[in-house]
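Please read the following report alongside the sequence and the model, taking one region at a time.

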Amino acid sequence: TARVFSGIQPTGIPHLGNYLGAIESWVSLQEEYSSVLYSIVDLHSITVPQNPAELQKNIMDMAASLLACGIDPNRSILFQQSQLDEEHKMSMILAANLAMFQCQHCYTWQMKSGSLKNEGSVGLFTYPVLQSADILLYKSTHVPVGEDQVQHLELAQDTARIFNRNYGDCFPIPKAILSCTKKVKSLRDPTAKMSKSDPQIIATVNLTDSPDEIVLKFRKAVTDFTSEVTYDPEGRPGVSNMVSIHAAVTGMSVEEVVSQSMGLDTAHYKLAVAEAVIQKLAPVRAEIERLRTDQGYLKDVLKRGTEKAKELATPVYQEIRRLVGFS
Ligand code: ATP
Ligand code: MG
C-alpha cells in the first residue's frame, strides 16, 4: 500500500518558501493518499548545536504552523521524531550496513561540515542514515522532497536495496515526489533562494509577519531599473520572483498575473504582490497565533501522532529484529 512520509526540522516559524515549496504540497497529498506521515525531525536538529529551551519552543511552533497551514491530524500522522525509540534502533541497524563513503558524499555533510572544520558532529555525518531510518521504519513508498534532498533520498533507496539484499526482501524502494513549485527567491537577492538562515531579516517573509512587515519587505524587495511587469527569470530575476510569488498565492498562472498587471510600474506592482501575500497568509497567521496559546492541544496532537506512528513502526521493527537475528 502507498504511504507518504516527509520530515521538517523544527527551526521555528516557516517562511513563504517553505510554505509554497513544501507545506502546501504536503497539505494536498493528504487528499491523494490515505496513509500520510509528517515528522518534526528534532533528532536531525541536534546534529548542529541547539539551545534546548529554544528547540522545545521551535518544536511547538512548527506543530502550530503545520496545523495552521492545513495539515489535518485526522488525515495525517503528525508527530515528533525523537519520541519513537524504534527510530534510534533502526538508525543503528542501517548505519551498520552502509559504507562511510556513502555518507561522505552527501549534501548536508558537504555543505555544513566545511564551515565546521573538523568539528562537524558524527550525527551530522550520519544525517542521511537517520533520514533513511525515518522513511524505511514505516515502509514508506513516496517521499515529497525539494531538489536539495534528492540525493539523500537516493541514499535511502540504496539503503533499502542493501538491507533487502543482506537480509531478505523487506523494504519497498521509496520514490521521490518532487515539488513542482519553483523555488521562492530571497527578496534581497533574487538569485539566492529565500532561506531561514538568511541573516538579512527583510529578505524572508515569515508566516507570522504582520501586514505592515510584509508591506515593508516587499517595498524593499530588489527588482531592477525597468519599470514594467514581465516574466523573465534569467534577465529579470527580481520582478520574476514577484510574479511567481503572486501566481503561487493567488492560484493564477504566470501569464494571467502578467496580463492583469499590465500598466503597473514595479513600485506599485510590489505593493500589489504584498497585498496578495497578506490576503493568503492572514488566516494562517491568525491560526498560528491561536494555536500557540493552546500548548495543551498541540501536545495532545503530537502525542496522538506518536501513538499512531508507533502502531505502524512496531510490526516493521519486529520484522527487522527477526531478519537481523535479534529475536
Ligand atoms: P535552511 O536555510 O536552514 O536550510 P530552509 O529555509 O532551506 O532552511 P528547510 O527546513 O531546509 O528550510 O526546508 C524545508 C522545506 O522547504 C524543504 O522541503 C525545502 O525544499 C523547502 N524550501 C526551503 N526553502 C525554499 C524556497 N526558498 N522555495 C521553495 N521551497 C523551499
Ligand atoms: Mg534548506
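Ala 192 is partly exposed, because 13 other C-beta atoms lie within 10 Å; a residue counts as buried with 20 or more other C-beta atoms within 10 Å of its own, as exposed with 12 or fewer, and as partly exposed in between, the C-beta atoms being placed from the backbone. This is a predicted model, in which local features need pLDDT of at least 70 and side-chain atom pairs count only at pLDDT 80 or more, while totals for chains, interfaces and linings use all residues. Residues are numbered from 1 along each chain as its sequence is written, and chains are lettered from A and ligands numbered from 1 in the order in which they are written.

Ala 192 is found in the loop between β5 (175-178) and α10 (211-219), where helices (H or I, at least four residues) and strands (E, at least two) are DSSP runs numbered from the N terminus. Leaving aside residues up to four places away in sequence, Ala 192 touches Lys 185 and Ser 186, a contact meaning that the C-beta atoms, placed from the backbone, lie within 7 Å.

Two pairs of residues that are apart along the chain can be set side by side.

| Residue pair | Separation in sequence | C-alpha to C-alpha distance |
|---|---|---|
| Gly 7 and Tyr 38 | 31 residues | 5.6 Å |
| Ala 192 and Pro 237 | 45 residues | 9.9 Å |

Gly 7 has its place in strand β1 and counts as buried because 20 C-beta neighbours lie inside 10 Å. Strand β1 (residues 4-8) is mostly covered, with four of its five residues buried. Apart from residues up to four places away in sequence, Gly 7 touches Ser 39, Val 41, Gln 81 and Asp 134. The strand β1 pairs in the parallel sense with strand β2 (residues 36-40) over five bridges, pairing being assigned if DSSP finds at least two bridges between two strands. Within this pairing, Phe 5 has Leu 37 in β2 as its bridge partner. Together with helix α1 (residues 16-32), the strands β1 and β2 make a right-handed β-α-β unit; right-handed means that, with the strands pointing away from the viewer, the path from the first strand over the helix to the second runs clockwise.

Asp 134, touched by Gly 7, is one of the buried residues of α8. Helix α8 (residues 127-137) is mostly covered, with 11 of its 11 residues buried. In the loop between α8 and β4 (142-145) lies Lys 139, which has a positive phi of about 50° although it is not a glycine. Most residues other than glycine have a negative phi. Lys 139 is buried, because 20 other C-beta atoms lie within 10 Å.

Both faces of β4 are covered, with His 142 and Pro 144 buried on one side and Val 143 and Val 145 buried on the other. The strands β4 and β5 pair in the parallel sense over four bridges, and Pro 144 has Ile 177 in β5 as its bridge partner. From β4 the chain crosses through helix α9 (residues 150-167) to β5, in a β-α-β crossover that is right-handed.

Elsewhere, the axes of helix α3 (residues 52-69) and helix α14 (residues 295-324) come within 10 Å and cross at roughly 85°, the axes being lines fitted to C-alpha atoms over the stretch in contact, with angles running from 0 to 180 degrees between N-to-C directions. Therefore α3 is roughly perpendicular to α14, a description used for angles of 65 to 115 degrees. In this contact, Met 60, Ala 63, Ala 64 and Leu 67 in α3 meet Gln 295, Leu 298, Val 301 and Leu 302 in α14.

Technical notes
Parallel < 35°, antiparallel > 145°, perpendicular 65-115°, else oblique. Contact = placed C-beta atoms within 7 Å.
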